[in-house]
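Student: I'd like to walk through this model with you. Can we take it piece by piece?
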Amino acid sequence: MKSESFEIAALEDEFQDALSRWHAEQGYQLDFMALAQARGIEVIESETAPSLYIHAKRRIVLNSGEGVRRQRHTRMHELSHHLLYELDEGAFVQRVERLAHARARAAKDLMEQLCKRGGRELAVPRPFVNDVFLRCPDDAERAMKLAIRCKVSLALAGQRIADLERSRAVWGVVLSKSGIVVDCFGNDVKNAKYKTGVGHQLPYIHALRQPFTHMRLEFFRAPIPFKFSKKQMPRHMQAMADELRGQTIVFFNSRAAVGRAMTPLFEL
Ligand SMILES: [Zn+2]
């Protein structure tokens with residue numbers, strides 16, 4: 001099993017590298033329509049169909065019901081499906097099919113796994129990530145800057161950092177103003193299963209419900225809410241709120257927060 005995940009991880013890395021090289025040739029263009037046109041891809045919108053790429057027709061179908069930031073991600077995701085077929089003259093698809101056959105896995109599932117990270121590579125290009133890593137030491141601020149620069153969701157920016165930081169556990173959540181966990185991100189499979197959506201609202205007394213100041217990096221100690229905090233052990237966390245989005249991004253297990261001035265929290 002170990003070698004399977006190793007082989008897949010290697011393929012994922014190589015595909016991401018190939019996407020990044022291709023994107024560099026396009027000047028890291030973030031305008032999806034310009035990229036699609038240059039590839040001769042037909043793009044149609046649908047109110048009812050889910051977004052998808054149809055290789056036989058070189059066509060991307062986009063669900064028009066998605067929010068603007070979600071759309072940016074979806075478009076790049078579908079574009080990465082196209083590129084999976086076409087980069088290196090189809091060598092990636094051939095490798096996916098060989099690997100799927102050898103491991104008795106559906107090639108479709110493997111392709112989806114590759115394109116999940118691939119879409120993020122195109123939506124938040126590598127040089128932009130490298131740039132914020134050089135300028136900011138803190139994940140919450142890095143994610144905020146990436147989300148603003150690339151006009152994507154906070155969760156996508158957080159996930160991009162998690163994708164690229166393999167040597168440490170990166171995970172956290174995005175909260176709405178009313179304390180609902182709207183999204184989660186992470187580079188650890190068991191943590192990435194964090195429950196989100198309506199019905200996953202933090203208790204009013206939890207430290208993460210405090211009113212954070214717009215665009216100010218906050219360091220504090222608080223227990224990870226819900227099932228990951230059975231022991232209710234306070235962890236170092238960092239957060240940053242964006243009033244315009246009405247959302248706060250929170251990183252758990254923030255080693256960078258150790259020794260930093262803590263935000264005084266309301267008493268629990
Ligand atoms: Zn897909």
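This is a predicted model: local features need pLDDT of at least 70, side-chain atom pairs count only at pLDDT 80 or more; totals for chains, interfaces and linings use all residues.
Student: How close do the axes of helix H7 and H8 come, and at what angle do they cross?
Tutor: The axes of helix H7 (residues 139–150) and H8 come within 8 Å and cross at roughly 125 degrees. Axes are lines fitted to C-alpha atoms, for helices over the stretch in contact, and angles run from 0 to 180 degrees between N-to-C directions. Helices here are DSSP runs of H or I with at least four residues, strands are E runs of at least two, and both are numbered from the N terminus.

Student: Left-handed or right-handed crossing?
Tutor: The crossing of H7 and H8 is right-handed. A crossing is left-handed if the near helix is turned anticlockwise from the far one by less than a right angle, and right-handed if clockwise.

Student: Which residues meet there?
Tutor: From H7 come Asp139, Arg142, Ala143, Leu146 and Ala147. From H8 come Leu154, Ala157, Gly158, Arg160 and Ile161. A contact means that two C-beta atoms, placed from the backbone, lie within 7 Å. By class, the contact of H7 with H8 has 6 nonpolar, 1 polar and 3 charged residues. Ala, Val, Leu, Ile, Met, Phe, Trp, Tyr, Cys and Pro count as nonpolar, Asp, Glu, Lys and Arg as charged, and the others, Gly among them, as polar.

Student: And H5 with H8, what's the angle there?
Tutor: Helix H5 (residues 107–123) and helix H8 (residues 154–164) cross at roughly 110 degrees, with axes that come within 10 Å. H5 and H8 are therefore roughly perpendicular to each other. Arg117, Arg120 and Ala123 of H5 make the contact with Leu156, Gln159, Arg160 and Asp163 of H8. The residues of this contact divide into 2 nonpolar, 1 polar and 4 charged.

Student: Switching to strands. What order do the strands of the open sheet take?
Tutor: The order is S1-S3-S2, an open sheet of 3 strands with mixed pairing. The edge strands are S1 and S2, and each pairs on one side only. Neighbouring strands of this sheet are turned by 25 degrees against each other on average, direction ignored.

Student: Which pairings make it mixed?
Tutor: S1 (residues 42–46) and S3 (residues 59–63) run parallel, joined by 5 bridges. S2 (residues 52–54) pairs with S3 in the antiparallel sense over 3 bridges. Strands pair if DSSP finds at least two bridges between them.

Student: Which bridge partners does S3 supply?
Tutor: Arginine 59 is the bridge partner of glutamate 42. Arginine 59 is also the bridge partner of isoleucine 54. Tyrosine 53 is bridged to isoleucine 60 in S3.

Student: What about the turn between S2 and S3?
Tutor: S2 and S3 form a hairpin with 4 residues between them. Arginine 58 in that turn has a positive phi of about 45 degrees.

Student: What is the other hairpin, the one with S7 and S8, like?
Tutor: S7 (residues 234–242) and S8 (residues 247–252) pair in the antiparallel sense over 5 bridges. Alanine 239 stands opposite valine 250 in S8. The hairpin has 4 residues between the strands, and glycine 246 takes a positive phi near 70 degrees. S7 also pairs with S6 (residues 218–223), antiparallel over 6 bridges. There, alanine 222 has arginine 235 in S7 as bridge partner.

Student: Last one: is leucine 83 buried or exposed?
Tutor: Leucine 83, in helix H3, counts as buried because it has 24 C-beta neighbours inside 10 Å. The cut-offs are 20 or more other C-beta atoms within 10 Å for buried, 12 or fewer for exposed, and partly exposed in between, with C-beta atoms placed from the backbone.

Student: Which residues does leucine 83 touch?
Tutor: Leaving aside neighbours within four places in sequence, leucine 83 is in contact with Leu19 and Trp22. The C-alpha atoms of leucine 83 and alanine 18 are separated by 9.3 Å, although the two are 65 residues apart along the chain.

Notes
Residues are numbered from 1 along each chain as its sequence is written. Angles under 35 degrees count as roughly parallel, over 145 as roughly antiparallel, 65 to 115 as roughly perpendicular and the rest as oblique.
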